[in-house]
Amino acid sequence: MKLPGAWKMLPVAACLALLGCLQARELGGHVSVILLGATGDLAKKYLWQALFQLYLDEAGNGHSFGFHGAALTPPQQGQKLMAKALESLSCPQDVAPRLCADLREQFLQLSQYRQLKTSEDYEALSRHIEAHVRQEGLREAGRIFYFSVPPFAYADIARHINSSCRPGPGAWLRVVLEKPFGHDHRSAQQLATELGSFFHEEEMFRVDHYLGKQAVAQILPFRDQNRQALGGLWNRHHVERVEIIMKETVDAEGRTSFYEEYGVIRDTLQNHLTEMLTLVAMELPGNISSSAAVLEHKLQAFRALRGLQRGSAVLGQYQAYRGQVRRELQKPGGFHSLTPTFAGVLVHVDNLRWEGVPFILTSGKALDERVGYVRVVFKNRAYCAQSEGRWAPAQSRCLPRQVVFYIGHGELGHPAILVSRNLFRPALPPQSWEEVEARPGLRLFGRPLSDYHAFRPVRERDAYSILLSHIFHCRKESFVTTENLLASWVFWTPLLDGVARDVPRVYPGGSENGHLLDFEFSGGQLAFTQPPPEQLVPGPGPPPRPSDFQALGAQYRESPLVSAWPEELIARLAGDIEAAALQAVRRAGQFHLALSGGSSPVALFRHLATGHFGFPWAHTHLWLVDERCVPLSDPDSNFQGLQAHLLRHIRVPYYNIHPMPVHLHQRLCAEEDQGAQAYARDIAALVANSSFDLVLLGMGVDGHTASLFPQSPAGLDGEQLVVLTRSPSRPHRRMSLSLPLINRAKRVAVLVMGRTKREIATLVSRVGHQPKKWPISGVLPRAGQLVWYMDYEALLG
């Protein structure tokens, strides 16, 4: 079978790419660098300077260079834009000014602009490079194409390069790709397949510029050079937690179109923070100079990551973001964005080294400071009998013990590696890292700088200049392979799908955030520390302070109303239920709670199961408000939902759990089996005065509550405590507490959530006491309290 032209080259290209990686250091030759998107922001800010640094580093090592700035702009205009971008080129401080001026002039003469739009343009570029190599009597070593363009342009450019601009035999090709690499696993797979049809894996270098940050690039060498000291410490027995943090003070203004598509998790956590996580968590290869070994060990770390759930993350959005989106994207005044600009995520690595150790990934915009770091905090079992004033300065075993890879900015202001003095003195290459003198008054992570062995780079270098050097020398370990990319998306996509419709917590931005975004974790769950922080409608005047952000308290049908975004609403309801339980147990020794089924309470059940360890479950009786006439093992059973989301996670005595007897004598809700009467007898025998301490209800879009439906008299009045009813939807037969029994409760909570409830919530707010038409309107405890819990979508649409 004959292969198409594009495919014929790939086996040859694979061999040449591998050979190019082996020969990059040993052999000189002419290297052409083509910067696609040469007049864009990234090129102006970083890439031209990084290419100039590459020229400074390598021009004297037997290589000659040609630099080609390329874009879609016509030649005359493009040349002007490129010349403007090259005006700010600078040399390192250790290069003499006159020499710098000469080198800069040489670089400018070697840099040309070309319009690259069609196949003919790429063919012309290839002919130009080949003619130059012949005229100068040079050997072509290879070509680097840097894609500083949006990902949607990758496939067309790749097709042109593969068909019209590959170097000839004996020379290598390297293509450099900038993130984002897809939007989720499916799109990343599609993009990888497209690129894989034009380029071999060894030819592709996916840039995550954080891998070029000096402190990040030093993580593996640090672990390698300090193997002996870290060998017994770098594991679950000694590490308490790992924090991977990237905070920004700037917001997303001017970039909201990008942010609306990607959000903070895709922008920073899926790539930068996850790459740093793997550098900390991966097994250390015997030879960290082997790119293949490093990449294989990183892939193993990806595969060991425990799957994320919705409860693994907390999300926030700075208050001004929605207004910025409306202005920049011309959205209507009622537009509400769900895009998170802040995220905290709890990650676990399921292997023997890291089992049980929390990895906390946090990133956000409009925060209180700009800083990035990886912080490994060690457990400390030491106790010092003498007071802190008598401890040996900076060396006491009772001081915190930590290793910090400080990426930059923040209080310190530069990259650094910090190791607590009560751990060990680290080994670092003296030619590139130097010890930092203590600075009076400077404290990092709660301790003065003098508590650390602190090192900084001898010469600070931009991440892109480091990565371009690694591309030139074919150091693949500093880049994201296709396999690692897809493994990362496999990990993150389920969480992204799970939180896609969650409403982020609103925060004011900057120092005014206070403790609003603080969170805590237990097991695999994260939750904000502070109670509901939402405000219904921002009023006029100055921006709100954190103390201004509260759940809305008001009246609905002349009863108390609590309204907030869903997450905070559930947290408030769960807290109120726990408070009622503790009060009942103190008063009577037990708490009788009747719970509705359906989808609305699921989030509440999960919250109670994972976040309320002081709940008096041992003294709690759990009853059902209603039940479908199906076997209790059926997925449609309300009891089955209660079992899956609450009972299996808590310790309630089995004799305190009271499912409704809908399945007696192998029959479902047969009148002659008198299941409703049996449940009523149990309630009368165990619940004083048949008065539940708390009943949780919902409200259907037709105004029903429990399994009491409109135009059906069953259970709306009379003496029966428990009744059989008929639902308009399947399964039709139901068992339910009656309205008179519900109204005996000491407290009734009605939970109403979702935009689909907006219409009925508006209607019910206006009607009187008409239970036959709207059963929910008949809920009014005779001697108890009714409280409505309604999210903003149900209340406002």
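1. The second largest pocket holds about 1700 Å³ of space. A pocket here is an open set of points on a 1 Å grid over the protein atoms alone, with protein on both sides within 12 Å along at least five of seven lines; a cavity is a set of points where a 1.4 Å probe fits but cannot get out, and lining residues have an atom within 4 Å of a point. Volume is the space filled by probe spheres set on the points, which are joined across faces, edges and corners. Of the 45 residues lining this pocket, Leu42, Lys45, Tyr46, His209 and Tyr464 are the closest to its centre.

2. Before going on, please keep in mind that this is a predicted model: local features need pLDDT of at least 70 and side-chain atom pairs count only at pLDDT 80 or more, while totals for chains, interfaces and linings use all residues. Residues are numbered from 1 along each chain as its sequence is written, and side-chain values use heavy atoms, with hydrogens and water left out.

3. The largest share, five residues, is from α11. Helices (H or I, at least four residues) and strands (E, at least two) are DSSP runs, numbered from the N terminus. By class the lining has 16 nonpolar, 14 polar and 15 charged residues; Ala, Val, Leu, Ile, Met, Phe, Trp, Tyr, Cys and Pro count as nonpolar, Asp, Glu, Lys and Arg as charged, and the others, Gly among them, as polar.

4. Have a look at Asp267, which sits in α11. At 7% relative accessibility Asp267 counts as buried, where buried means under 20% relative accessible area, exposed over 50% and partly exposed in between (1.4 Å probe, protein chains only). Beyond its neighbours within four places in sequence, Asp267 is in contact with Lys179, Arg255, Phe258, Tyr259, His272 and Lys365; contact means heavy atoms within 4.5 Å. Lys179 is also joined to Pro180 by a cis peptide bond, with omega about 10 degrees. Pro180 is in the loop between β5 (172-178) and α7 (185-196).

5. Where does helix α3 (residues 75-85) hide its side? Its buried residues are Gly78, Met82 and Ala85. Seen down the axis of α3, these fall within an arc of 55 degrees, so they line one face of the helix; the arc is that of the directions from the helix axis to the C-beta atoms. An α-helix has 3.6 residues a turn, so residues three or four places apart point the same way. The buried residues of α3 pack against α2, β2 (63-71) and β3 (111-115), while Gln76, Lys80 and Lys84 are exposed on the other side.7. Helix α18 (residues 638-645) has Asn638, Phe639 and Leu642 as its buried residues. Viewed down the axis of α18, they fall within an arc of 100 degrees, so they line one face of the helix. They pack against β23 (591-595), α17 (602-611), β24 (620-624), β25 (626-628) and β26 (657-658). At the start of α18, a side-chain oxygen of Ser637 reaches to within 3.1 Å of the backbone nitrogen of Phe639.

6. Ser119 is in helix α5 (residues 119-135) and, at 22% relative accessibility, counts as partly exposed. Leaving aside neighbours within four places in sequence, Ser119 is in contact with His160 and Ser164. The side chains of Ser119 and His160 make a polar contact (3.0 Å). A polar contact is a pair of N or O atoms within 3.5 Å; within protein, one must be able to donate a hydrogen and the other to accept it, and residues adjacent in sequence count only if both atoms are side-chain atoms.

7. Two backbone details may be worth a look. Phi of His409, a residue other than glycine, has a positive value near 60 degrees; His409 is found in strand β12. The peptide bond from Arg730 to Pro731 is cis, with omega near -15 degrees.
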